[in-house]
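Please examine the sequence and the model shown below before reading on. The paragraphs that follow lead through salt bridges, helices and strands in turn.

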Amino acid sequence: MDQSNKTGNSQLINLQGMYQDYFLDYASYVILERAVPHIDDGLKPVQRRILHAMKETDDGRYNKVANVIGLTMQYHPHGDAAIGDALVNMGQKELSIDTQGNWGDIATGAGAAAPRYIEGRLTKFALEVMFNPQTTEWQMSYDGRKREPVTLPAKFPLLLASGTDGIAVGLSTKIMPHNFIELIKASIDILKGKKVQIFPDFQTGAMVDVSDYNGGKRGGKIKVRALIEKLDKDLLAVKELPYSVTTESLIESIIKANDKGKIKIKKVVDLTSRDVEVQIELIPGTSPDVTIDALYAFTDCEISISPNACVIHEDRPRFMTVEEILEHNTLRTRDLLQTELEIKLGELLEKWHMASLEKIFIENRIYHQIEECESWEEVLTTIDRELRKYVVTPADNPSPNDQRLRMMRDITEDDVSKLTEIRIKRISKYNTFKADEHIAALEEEMKQVRYDLEHITDFTIAYYKRLLEKYGKGRERRTKITSFESIQATEVVANNAKLFVNYTEGFIGFGLKKDENNVFVSECSDIDDVIVFRADGRFMVKRIADKVFVGKDIIHAAVWKKNDERTTYNLVYSDGANGRTFAKRFNVTAITRDKEYVLTSEAKGSKLLYFTHNPNGEAEVVNIQLTQASTAKKKMFDYDFKELAIKGRSSQGNLITKYPVRKVNLKEAGRSTIGALKVYIDDVSGRLNNDGRGRLLGEFDTGELMFILYKDGTYEMTELDMTRRFNLLELYHLGKYDPETVISAVHYDGNKGLTMVKRFRLETSKLKERFSYLTDHKDSRLLFATIEANPQVRYSMKLKNKKMQGELNLADFIDVKGWKALGNKLSDQKLSEVELIPSAEKPAEKPAEVTPDKLQAGDSIEFDVDGQTKLF
């Protein structure tokens, strides 16, 4: 670089190597002194200096945060804003700093009040586990005026409990917070030699999938989901937030997804106060279950976090698992406790040493021997000589028969000097008995300390147990560990567009206007794929768009779902090479988008003669007509597709005829050949699946319906919808619809104030609507319902502080009637409980007055004061 000096001459400054040296110095400083926590105490330098400054001024009272920031600036060579932000962040974690005032809200993202308005002090927990001047390694502060700790002697894995993140030069760290109680229990297991595994736990609660956590090391991933509850069919509520998500950012992501058409909502209201509650009102007719999945797929209701556990270890950054960090912290805690015990033992030895010398000095009146001494040196020598008549030191190599008191160390000049400082008043009131008690207590305490040192691992375990007992209350796990189902975005995205196709011109998209040329296909979303079949025997899959050309003479277009093994395509084509006609059946489960696939023969003149698509693998019967010029004797015959196996799309197919075909027509619609779909219900998630997870609901064939019996006195018949989720606590029954099904119900009629029994078959025909079979009185309630053929129930009620019970066979009590009938009266009291008696359970002995053979239609039962039942 050229610069001019004062004389006007230019000089050349060589920058070679300067950039490399300066950059490395800067990078090292940021890594070691700013962004990455130290493994020993789990703190970044600014955090360590904050805690040290608070300890220096700790008197048990709260200090203004502004004062704490000022004190910390004596140790931290950066601005007050950085210190203030770090201090608030530590206070919000509710572990090391006891806060007072408005410190902000991690749920809403609200900031803390100004530092002059809020206060803080060290928690009792921090004072106990973070500080000990005797075991602290010290260094001078940046300006050489103050002494500060290199690391604090932390006897707890603070880093893993609070979590942290930071961005340095060339690397970053992101460590998740973990549960306080689980960390202590895991540390105990480590000391016992067991392998441990720990998982994140967040202040905000919610749910977490840790299947790919990988010990918090880089390359791992966790998924965190908000807790969403259904308040009713048109109202959802977010009750717990994912880690690092605020109500403000959550609402913003929901609005953005709604604006893009990914979800359909009416409005979002933030009702958060002490507890989080973000209410989401749905557009009428929108499925709350699908919306919940869509919220997870398209908003911050579900986030993925990639942890990256990086810490400073031995003055350099190191990537470790959280279990390795915990093991290091646990063993360091043991070492610190051992050091503290060794220091304590040394202090006890000193106390015992001086107490023993003092006892000999006073009891043997050695102080009389110095009355004639003329110099200080003579005094010290005299006392030392006289003491050694009664004691023996390790340097004397005493014999086993020596009866003198054995000292732990040699007698020094300082020891003798301290004896001369004993006042006459104390000598005159010296109590030998109390002195012996004091020495015995010191010896007992030293014995215990030596024992603890010999069993330091057990001592450390007991230390952790004391921490757990003292500080563990209220720190139970808040985040539920679970496994998330993978949500396919295309399955839950709201249909925000309408798919149209121009069969003649070959255009398809959601931007086409409805007219005589453009035909509506189906509802769709803007992230769907579309499959298109053409008359030339080719097909392709394209990403849906506003308007896209896919080729003229379209014969079929639909939204395509990946890995769909049930939608089956049947076709007949003639081979242009030899004139033969083939039939084949195939699925389209995976493709390369925008690539054309040939379904017929590649030979020139090949022609597609017949094509159908079948959502459930149906196989129809077609009528084949040969040309009049063919030499075949039989020029018309039927062909059944069910005799044809489903193969790959590129297969040649099966030969139908070697003669030229004139026409192929549908003769008879068929049923599924791939078998009815086995549908299961996951008892945990309430989601339907065909993967074998949970209970089998039934095998559903083409057109078969699902029957749902709710606990609120309604039922519903609906087509099978695999995207639907059910709250099993709200249901008595969920399964395949059978027109012969009989519902047996015990209900309370609010109009008449009676408990009734009714049995009926389903008579409604409308789908996707819930029908009530109770009266519309506000007090009418369903007490019990079942579809068992011969249900035996046990019922009870409270009467005069007594619980009365009875049993009844509902099928014997009333015949099957219409669903609108009220049924027969069971009691003029409202029953408190009705439950089904399992068939495997032996029926209880019934009272003589009431047996099933005595009950007739129209009879009722009441309870007498003895707890028995009687007919009236």
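A salt bridge is a side-chain nitrogen of Lys or Arg within 4 Å of a carboxyl oxygen of Asp or Glu. In this structure, Glu182, Asp201 and Arg477 are linked in a network of such salt bridges. The model is a predicted one, in which local features need pLDDT of at least 70 and side-chain atom pairs count only at pLDDT 80 or more, whereas totals for chains, interfaces and linings use all residues. Residues are numbered from 1 along each chain as its sequence is written, and side-chain values use heavy atoms, with hydrogens and water left out.

How many salt bridges does a search of the whole structure find? The search finds 39. To describe where their members lie, one needs a scale of exposure: a residue is buried under 20% relative accessible area, exposed over 50%, and partly exposed in between (1.4 Å probe, protein chains only). One also needs the numbered elements: helices (H or I, at least four residues) and strands (E, at least two) are DSSP runs, numbered from the N terminus.

Another salt bridge is formed by Lys642 and Asp640, with a distance of 4.0 Å from N to O. Here Lys642 counts as exposed because its relative accessibility is 56%, while Asp640 is buried because its relative accessible area is 17%.

Glu363 and Lys359 have their closest N and O atoms 2.9 Å apart, and both residues lie in helix 10, separated by 4 residues, or about one turn of the helix. Glu363 is partly exposed, at 35% relative accessibility, whereas Lys359 is buried, with a relative accessible area of 18%. The length of this helix can be checked, for the expected span of a helix is 1.5 Å times one less than its number of residues. Helix 10 (residues 322–363) has 42 residues and should therefore span 62 Å; its end C-alpha atoms are 61 Å apart, which agrees. The helix is followed by Arg365, whose phi is positive, near 50 degrees.

Two other helices may be considered together. Axes are lines fitted to C-alpha atoms, for helices over the stretch in contact, and angles run from 0 to 180 degrees between N-to-C directions. The axes of helix 11 (residues 376–387) and helix 12 (residues 413–420) come within 10 Å and cross at roughly 100 degrees. Angles under 35 degrees count as roughly parallel, over 145 as roughly antiparallel, 65 to 115 as roughly perpendicular and the rest as oblique; helix 11 and helix 12 are therefore roughly perpendicular to each other. Contact means heavy atoms within 4.5 Å. Among the residues of helix 11 that meet helix 12 are Trp376, Val379 and Leu380, and their counterparts in helix 12 include Glu413, Val416 and Leu419.

The strands come next. Strands of a sheet pair through backbone hydrogen bonds, either parallel or antiparallel. Two strands are taken to pair if DSSP finds at least two bridges between them. Strand 6 (residues 137–140) and strand 7 (residues 147–151) run antiparallel and are joined by 4 bridges, with Trp138 opposite Pro149. These strands form a hairpin with 6 residues between them, and Gly144 in the turn has a positive phi of about 75 degrees.

Strand 8 and strand 9 (residues 172–175) likewise pair in the antiparallel sense, over 4 bridges, and Ile167 stands opposite Ser172. Their hairpin has 4 residues between the strands, and Gly170 in the turn has a positive phi of about 85 degrees. In a regular strand the side chains alternate between the two faces of the sheet. In strand 8 (residues 164–167), Thr164 and Gly166 form the covered face, and Asp165 and Ile167 the uncovered one.

Finally, 4 strands form an open sheet in the order 28-25-26-31, with antiparallel pairing. Strand 28 (554–560) and strand 31 (597–598) stand at the edges with a single partner strand each, so one side of each is left without a neighbour in the sheet. Strand 25 (residues 529–534) is joined to strand 28 by 6 bridges, and Arg534 has Ile554 as its bridge partner.
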